[in-house]
Amino acid sequence: MNKWITLAEGGGGQESARLVATFGEILGLQNAHEDAGVFSMPSPLAMSTDSFTILPLFFPGGDIGKLSVCGSLNDVAMMGAKPTYLSCGLVIEEGFLRKDLHTILQSMAHEMQKADVQIVCGDTKVVERGGVKGILINTTSLGAVRCPALSSRNLCAGDAVILSGAAGTHGALIFALREEINLQSALESDCTQLYPIIAPLFNADLSLHALRDATRGGVAAVLNEWALASNVGIVIEREKIVLLPEVRGICELLGLDALNLACEGAAVIALPKENALRALEILHQNGATHARIIGEVVHTHRGHVVCEQRLGSFVTRQYLEYPSGEFLPRIC
């Protein structure tokens, strides 16, 4: 078998059938050669779709396959749902190494097994060289809602804001891997599934108001979106936010703000202040050791996020701006 993917494998003939059969073997698909998947779910559903174009395709702590599964599952989990089904679409560049494709598929299969989800439909295209950079993956996740009515419009003055993990880890790593920067670091991506961490909160009657994974745009994007959607102000304390030493070093060297950098394993949570300590305890018990209460929702500063920082006995306050422009390599 050719070690590279060829255009013939996107043509719909025998070569395509063999490629699809490979997907079936690695991903455990029962209906790889059908036109659609059939399933039934009686309860309210949450569904999310996303396309993943990260460069580099392989990075410490993961690859585009792991990211594509975790990313879609996390989006559904943030709406209070347990992910159950996935769709998967792949666009593969002619000449892509077959062994790299198998590694990516195996990463996907591993994450699916951990989550007990299955792929019910998918599609594969092979395009000419230059049509994509290696491979592009689109995944759609579907799951039954367990904690209804979560929304970015639900924040109320008096809510506490929790960040379940360290800020900016994934984005800082991808920045460090850029060839033109070529930073050496022991840092690994925080790419992981959030449902096992978040699900215990659903059972604890905490009156959760909103959840969001802080991916593109990082914590700053989530908080600004919430402040605008709920017409509230949010005040955070920068020293309460956990930064890994490697992330701090990369940000200091390159003049970046970690709050603008993507996380792939951290959720922002808004809930009534009186339930925040219990939520924090549950998160710590379920492996979110970096979870912290980082701020609160206020009546003032509507539509804005205020970041407080202590400098000795002084406290500085400034708006945490909504990230804008494109200053990063592809991070998801």
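A: What follows starts with the nonpolar core and then turns to the cysteines and a glycine. The model is a predicted one, and in it the largest nonpolar core has 48 residues, of which Leu-90, Ile-92, Leu-101 and Ile-135 touch the most other members. At least two residues of this core are supplied by each of α1 (14–27), α2 (64–77), β4 (81–93), α3 (98–115), β5 (118–127), β6 (135–145), α4 (169–177) and α7 (245–254), and the largest share, seven residues, comes from α3. Leaving aside neighbours within four places in sequence, Leu-90 is in contact with Phe-23, Leu-101, Leu-105, Asp-123, Thr-124, Lys-125, Ile-135, Leu-136 and Ile-137.

As for the cysteines, the structure holds zero disulfides. Cys-70 is buried, with a relative accessible area of 0%, and the closest cysteine sulfur, in Cys-191, lies 4.1 Å from its own sulfur, which is too far for a bond because a disulfide requires the two sulfur atoms to be within 2.5 Å. Cys-307 is likewise in no disulfide, the nearest cysteine sulfur being that of Cys-251, 13 Å away; Cys-307 is buried, with a relative accessible area of 4%.

The glycine is Gly-218, which is found in helix α6 (residues 218–230) and is buried, with a relative accessible area of 0%. Apart from neighbours within four places in sequence, Gly-218 is in contact with Leu-259, Asn-260, Leu-261 and Ala-262, while its C-alpha atom is separated by 6.2 Å from that of Cys-263, a residue 45 residues apart from Gly-218 along the chain.

Technical notes: Residues numbered from 1 in each chain as written. Predicted model: local features only at pLDDT ≥ 70, side-chain atom pairs only at ≥ 80, totals over all residues. Heavy atoms only, no water. Helix = DSSP H or I, 4+ residues; strand = E, 2+ residues; numbered from the N terminus. Buried < 20%, exposed > 50% of the residue type's maximum accessible area, 1.4 Å probe, protein only. Contact = heavy atoms within 4.5 Å. Core = buried A, V, L, I, M, F, W, Y, C linked by side-chain atoms within 4.5 Å.
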